[in-house]
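Q: I'd like to learn how to read the features of a structure like this one. Can we go through it together?

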Amino acid sequence: MMSEEQSMAGRDLSNIRKRTVDWRGIADIRLVAAEDGPGRGQRILLARNALGVQFEVAVDRGFDIAALSYKGINLGWFGPNRQPSPGATTEDGGRGILRAFDGFLVTCGLDQFGVSAEGPGDHFIYPHRPTVHYPFHGRIALQGAELTGHGLDMEADEPVLWCEGIVRQTVLFGEVLSLRRRIELPVFGQTIRMRDKISNDGYRPARHGVLYHFNLGYPLLDRDSRLFGDCDAKDVAGFAAVPAVPADDFVELVDAVSLKPKDGSTSVGLSNPALGISLAIRQKTEQLPELMMWRCYQSGIMALGIEPHTKLSADRLGHEGGNNPDFIEAGAVRRYELDVVIVDS
């Protein structure tokens, strides 16, 4: 594995080319398929760069980043479900996603996040569907994507690993929403860039909200871990007041984080001094003005969720004649830009 000093020298690509017959000597992204377990048959993109950043994209699970590590150290979270292939999400009282929830990133949306709800469906003009059911954390995370491309671009001004996909959430006489996602990782960098374009491709308005459930786990999340970033001191103190130590009877904590934007964006993350690694999630506050923090230190779960999200009202579920900001009109587009920043601290 290259040191940072070596990687800087390695930016002379012709010099590297003399030392490896294939760019896979320093970076790679490839498409594979799971051949065993509950996720058998799923497409997975495996990516790694010259500085030791590695991630997996679950193509058939919302094009989400399923796993993340740095220099062989796990940064993300693995739950008990083992990345199963998508199934019904409406079972168990609308909480069926809990049977599939897993991985570093779970995108929640595109028309709901949070607890399940039900609202009027008159904006879809279909008398046999008078109400719309919105399941817990939405449906998009368990939809398969159309993989539109992936590769290693060593001829760009900044050599980069990249992948793109389109995930659709559609129903007859209902929402027709699309998520177009591009993920990039510089070959000689430690920041994963994710760029999302969400559009209403139908001819009727649809409810819209999105929450990015970034999940951190052991060993990055442990007793010595500390919250840091562009947030209020009370949030940092509140995190420190509940050490990340597993307990059999721990009841999850969900808190709103008070953001303090700098130049239109905020970064909030987790630092583990014992590992010498920090990870931060950077969001544009005009696009994603709010942030939730989920802590579940229950034995066998041990997870921290950093969750940038849009505003979405729990009590305004109707279109209301176009006066509801929680709806996206036909043909409209929303864009979201997020960075996952890994730092040797």
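Q: How much space lies in the largest cavity?

A: Some background: rolling a probe the size of a water molecule over the atoms shows where empty space is left. Here, the largest cavity holds about 80 Å³ of space. A cavity is a set of points, on a 1 Å grid over the protein atoms alone, where a 1.4 Å probe fits but cannot get out; a pocket is an open set with protein on both sides within 12 Å along at least five of seven lines; lining residues have an atom within 4 Å of a point. Grid points are joined across faces, edges and corners, and the volume is the space filled by probe spheres set on them. Keep in mind that this is a predicted model, where local features need pLDDT of at least 70 and side-chain atom pairs count only at pLDDT 80 or more, while totals for chains, interfaces and linings use all residues. Residues are numbered from 1 along each chain as its sequence is written, and side-chain values use heavy atoms, with hydrogens and water left out.

Q: Which residues lie closest to the centre of the largest cavity?

A: Of the 15 residues in its lining, Arg61, Asp64, Asp102, Leu105 and Val106 are the closest to the centre. Strand S4 (64–70) and strand S6 (105–108) each give two or more residues to the lining, and S4 gives the most, with 3. Strands here are DSSP runs of E, at least two residues, numbered from the N terminus. By type, the lining of the largest cavity has 10 nonpolar, 2 polar and 3 charged residues. Ala, Val, Leu, Ile, Met, Phe, Trp, Tyr, Cys and Pro count as nonpolar, Asp, Glu, Lys and Arg as charged, and the others, Gly among them, as polar.

Q: How many cavities of 30 Å³ or more does the structure hold?

A: There are 2. The second largest cavity has about 30 Å³ of space, and its lining consists of Asp111, Phe124, Val132, Tyr134, Glu175, Ala206 and Arg207. That lining splits into 4 nonpolar, no polar and 3 charged residues. Strand S8 (131–134) and strand S13 (206–207) supply at least two residues each.

Q: Now the open spaces. What lines the largest pocket?

A: Its lining has 20 residues, and Leu98, Phe136, His137, Glu252 and Trp294 lie nearest the centre. The largest pocket has about 550 Å³ of space. Strand S14 (211–216), strand S19 (290–296) and strand S20 (303–309) each bring at least two residues to this lining, with the largest share, 3 residues, from S19. The count by type is 13 nonpolar, 5 polar and 2 charged.

Q: Where does the lining of the second largest pocket come from?

A: S2 and strand S3 (53–58) each supply at least two of its residues. The second largest pocket has about 230 Å³ of space. Of its 14 lining residues, Ala34, Ile44, Glu56, Arg82 and Gln83 lie nearest the centre; the lining divides into 6 nonpolar, 4 polar and 4 charged.

Q: What is the strand order in the open sheet of 5 strands?

A: Strands of a sheet pair through backbone hydrogen bonds, either parallel or antiparallel. In this open sheet the order is S1-S2-S3-S4-S5, with antiparallel pairing. Strand S1 (28–33) and strand S5 (73–74) are the edges, each pairing on one side only. Two strands count as paired if DSSP finds at least two bridges between them. S1 and strand S2 (residues 43–48) have 6 bridges, and Val32 has Ile44 in S2 as its bridge partner.

Q: Which residues have the most contacts inside the largest nonpolar core?

A: In soluble globular proteins, nonpolar side chains tend to be buried together. The largest nonpolar core has 71 residues, and Leu68, Phe104 and Leu279 have the most contacts inside it. Such a core is a set of buried Ala, Val, Leu, Ile, Met, Phe, Trp, Tyr and Cys residues joined through side-chain atoms within 4.5 Å. Apart from it lies another core of 15 residues, including Phe101, Val106, Cys108 and Cys296.

Note on methods: Helix = DSSP H or I, 4+ residues; strand = E, 2+ residues; numbered from the N terminus. Buried < 20%, exposed > 50% of the residue type's maximum accessible area, 1.4 Å probe, protein only.
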